[in-house]
Every structure is written in structure tokens, then in C-alpha cells.
Amino acid sequence: LPDLPTGGATGPTVVAPTPDDGVILTATEMQELERRNVLRALESCRWKISGTGGAAERLGVKANTLSSRMKSLGIERPRSS
């Protein structure tokens, strides 16, 4: 088995299907998988997008890239009550 990345993530680890599993995901399923992953990263760092410990760093992408993905996935920061 390949080594799984070790990050600062908390909670249960969910392993996505790999091509070796014989599972083929549709484009919609892949988009939903990415959406849940981005949301998980944002929630784990209290919606901090950039900088040390931010969601972009956890996801291994630039903050501008994460912002663009959030927009394309329809992810907005929840309003404080």
C-alpha cells in the first residue's frame, strides 16, 4: 500500500477510491469529492485560506488557486450569527 500523507488533519481519515479499486467516478462525483475535501480543509483551519496553517497550505495549492476553486465549486464562507 502507498504511504498516506500525514498532515495536521483531525478526525477520521477517509480514503478515496483509487483506480486499483476498480471504481470509476463520474465527473459529478469527482467534483463532489473535491468540494467535500476543500470544505474539510477550510473547516479544519476555521476558514483561514492563506498563510501558515491555512487551507491552501493544507491542500498544497496557492491561495489564489483555492479561491478560484471555491468559486467554481460554489463554496462561500458561512456568515457569522
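Biologist: Leaving aside its neighbours within four places in sequence, which residues is Leu42 in contact with?

Modeller: In this predicted model, Leu42 is in contact with Trp47, Ile49, Ala55, Leu66, Met70 and Ile75, once its neighbours within four places in sequence are set aside. Contact here requires heavy atoms within 4.5 Å.

Biologist: Why is Trp47 called buried?

Modeller: The relative accessible area of Trp47 is 14%, and the cut-off for buried is under 20%, so Trp47 is classed as buried. Trp47 belongs to the loop between helix H1 (27-44) and helix H2 (55-59).

Biologist: What is Trp47 in contact with, leaving aside its neighbours within four places in sequence?

Modeller: With those neighbours excluded, the contacts of Trp47 are Leu39, Leu42, Met70, Ile75, Glu76, Arg77 and Pro78. For one of these residues, Glu76, which lies 29 residues from Trp47 along the chain, the C-alpha atoms of the pair are separated by 9.8 Å.

Biologist: What makes up the largest nonpolar core?

Modeller: That core has twelve residues, namely Val38, Leu39, Ala41, Leu42, Cys45, Trp47, Ala55, Ala56, Leu66, Met70, Leu73 and Ile75. At least two residues of this core come from each of H1, H2 and helix H3 (63-73), and H1 gives the most, with four residues.

Biologist: Which residues of H3 are buried, and how do you know that they line one face of the helix?

Modeller: Leu66, Met70 and Leu73 are the buried residues in H3. Seen down the axis of H3, the buried residues fall within an arc of 75 degrees, so they line one face of the helix. These buried residues pack against H1 and H2, while the face of H3 turned away from the buried side carries the exposed residues Asn64, Lys71 and Ser72.

Biologist: What follows H3?

Modeller: Gly74 follows H3, and the phi of this glycine is positive, near 70 degrees.

Biologist: What pattern does the protein follow when read along the sequence, and how many helices and strands does the protein have?

Modeller: The pattern along the sequence is α-α-α, with three helices and zero strands in the protein.

Biologist: What share of the protein is made up of buried residues, and what share of the accessible surface belongs to carbon and sulfur atoms?

Modeller: Of the 81 residues in the protein, 16% are buried. The accessible surface comes to about 6700 Å², and 51% of that surface belongs to carbon and sulfur atoms. As for contacts with a separation of 6 or more, residues 24 or more positions apart account for 41% of them.

Terms used: Residues are numbered from 1 along each chain as its sequence is written. This is a predicted model: local features need pLDDT of at least 70, side-chain atom pairs count only at pLDDT 80 or more; totals for chains, interfaces and linings use all residues. Side-chain values use heavy atoms; hydrogens and water are left out. Buried means under 20% relative accessible area, exposed over 50%, partly exposed in between (1.4 Å probe, protein chains only). Accessible areas come from the Shrake-Rupley method with a 1.4 Å probe; for residues, only the protein chains shown count as cover. A nonpolar core is a set of buried Ala, Val, Leu, Ile, Met, Phe, Trp, Tyr and Cys residues joined through side-chain atoms within 4.5 Å. The arc is that of the directions from the helix axis to the C-beta atoms.
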